[in-house]
Amino acid sequence: MTVARLDPRLIHAGMSITTVQLARLWAEHTPPAKPVPLRCPTCGHAWDETAPLCPTAAVVRPLLRKRRHEAGAHVIARLTDNQLDDLTGKKLSTALPPRKDFA
Ligand SMILES: [Zn+2]
């Protein structure tokens with residue numbers, strides 16, 4: 001099983017990351033719609049109740065939540081309804097119930 005790692009784009013951008021880059025990373029590391037797949041399509045992280053965010057999404061989420069108003073409506077409009085709910089809501093769509101196949 002592969003271990004999900006931080007997206008290299010996040011590491012290279014560092015503190016100078018833009019809201020456009022954050023929104024793109026969020027869109028690529030969160031499911032566009034329900035039902036959500038079992039894994040992050042970009043890094044392969046297995047989503048579940050205890051780890052509903054992959055490493056990249058876990059770093060991006062608090063930054064993008066704080067900065068989404070400076071991003072401009074056109075940037076946020078690129079996110080799907082599910083990605084926007086996961087960004088701003090309390091319950092993540094990826095908090096899947098425990099599965100026996102990924103112990
Ligand atoms: Zn991911």
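Trainee: Among contacts between residues at least 6 apart in sequence, what share join residues at least 24 apart?
Mentor: The share is 70% in this protein. Keep in mind as we go that this is a predicted model.

Trainee: Noted. How many helices and strands does the protein have?
Mentor: There are five helices and zero strands. Going along the sequence, the pattern reads α-α-α-α-α.

Trainee: And how does the radius of gyration fit a compact globule?
Mentor: It agrees: a compact globule with 103 residues would come out near 13 Å, and the protein has 13 Å. The C-alpha trace spans about 40 × 30 × 20 Å along the principal axes.

Trainee: What percentage of the residues are buried?
Mentor: Buried residues account for 21% of the 103.

Trainee: Which residues form the largest nonpolar core?
Mentor: That core has twelve residues: L22, A23, L25, W26, C40, W47, C54, A57, V60, L64, L79 and L87. Helix 2 and helix 3 each supply at least two of its residues, and helix 2 gives the most, with four. As background, nonpolar side chains in soluble globular proteins tend to be buried together.

Trainee: Let's stay with helix 2, then. Which of its residues are buried?
Mentor: Helix 2 covers residues 19-28, and its buried residues are L22, A23, L25 and W26. Looking down the axis of helix 2, these fall within an arc of 165°, so they line one face of the helix.

Trainee: What covers them?
Mentor: The cover for the buried residues of helix 2 includes helix 1 (8-13), helix 3 (55-71), helix 4 (73-76) and helix 5 (81-88).

Trainee: Now helix 3. How far does it reach from its first C-alpha to its last?
Mentor: Helix 3 has 17 residues and reaches 22 Å, close to the 24 Å expected at 1.5 Å a residue. Helix 3 also bends by about 50° at R65.

Trainee: Which of its residues are buried?
Mentor: In helix 3 the buried ones are T56, A57, V60, R61, L64 and R68. Their cover includes helix 1, helix 2, helix 4 and helix 5.

Trainee: Why does A57 count as buried?
Mentor: A57 has 27 C-beta neighbours inside 10 Å, so A57 counts as buried. Not counting residues up to four places away in sequence, A57 touches W26, H29 and T30.

Trainee: What follows helix 3?
Mentor: G72 does, and its phi is positive, near 90°.

Trainee: Changing topic: where is the cis peptide bond?
Mentor: The cis bond joins K34 and P35, with omega about -5°. P35 sits in the loop between helix 2 and helix 3. For context, most peptide bonds are trans.

Trainee: Which residues of helix 5 are buried?
Mentor: Those are Q83, D86 and L87. Seen down the axis of helix 5, they fall within an arc of 100°, so they line one face of the helix. What covers them includes helix 2 and helix 3.

Trainee: One last stop, at the start of the chain. Where does L6 lie?
Mentor: L6 is in the segment before helix 1. With 15 C-beta neighbours inside 10 Å, L6 counts as partly exposed.

Trainee: How far is the C-alpha atom of L6 from that of T56?
Mentor: The two are separated by 4.9 Å, though L6 and T56 are 50 residues apart along the chain. T56 is also on the list of residues that L6 touches, together with I11, P55 and V59, not counting residues up to four places away in sequence.

Definitions and conventions
Residues are numbered from 1 along each chain as its sequence is written. This is a predicted model: local features need pLDDT of at least 70, side-chain atom pairs count only at pLDDT 80 or more; totals for chains, interfaces and linings use all residues. A residue is buried if 20 or more other C-beta atoms lie within 10 Å of its own, exposed if 12 or fewer, and partly exposed in between; C-beta atoms are placed from the backbone. The arc is that of the directions from the helix axis to the C-beta atoms. Two residues are in contact if their C-beta atoms, placed from the backbone, lie within 7 Å. The radius of gyration is taken over C-alpha atoms; the globule rule is 2.2 Å times the number of residues to the power 0.38. A nonpolar core is a set of buried Ala, Val, Leu, Ile, Met, Phe, Trp, Tyr and Cys residues joined through C-beta atoms within 7 Å. The expected span of a helix is 1.5 Å times one less than its number of residues. The bend at a residue is the angle between axes fitted to the seven residues ending there and the seven starting there.
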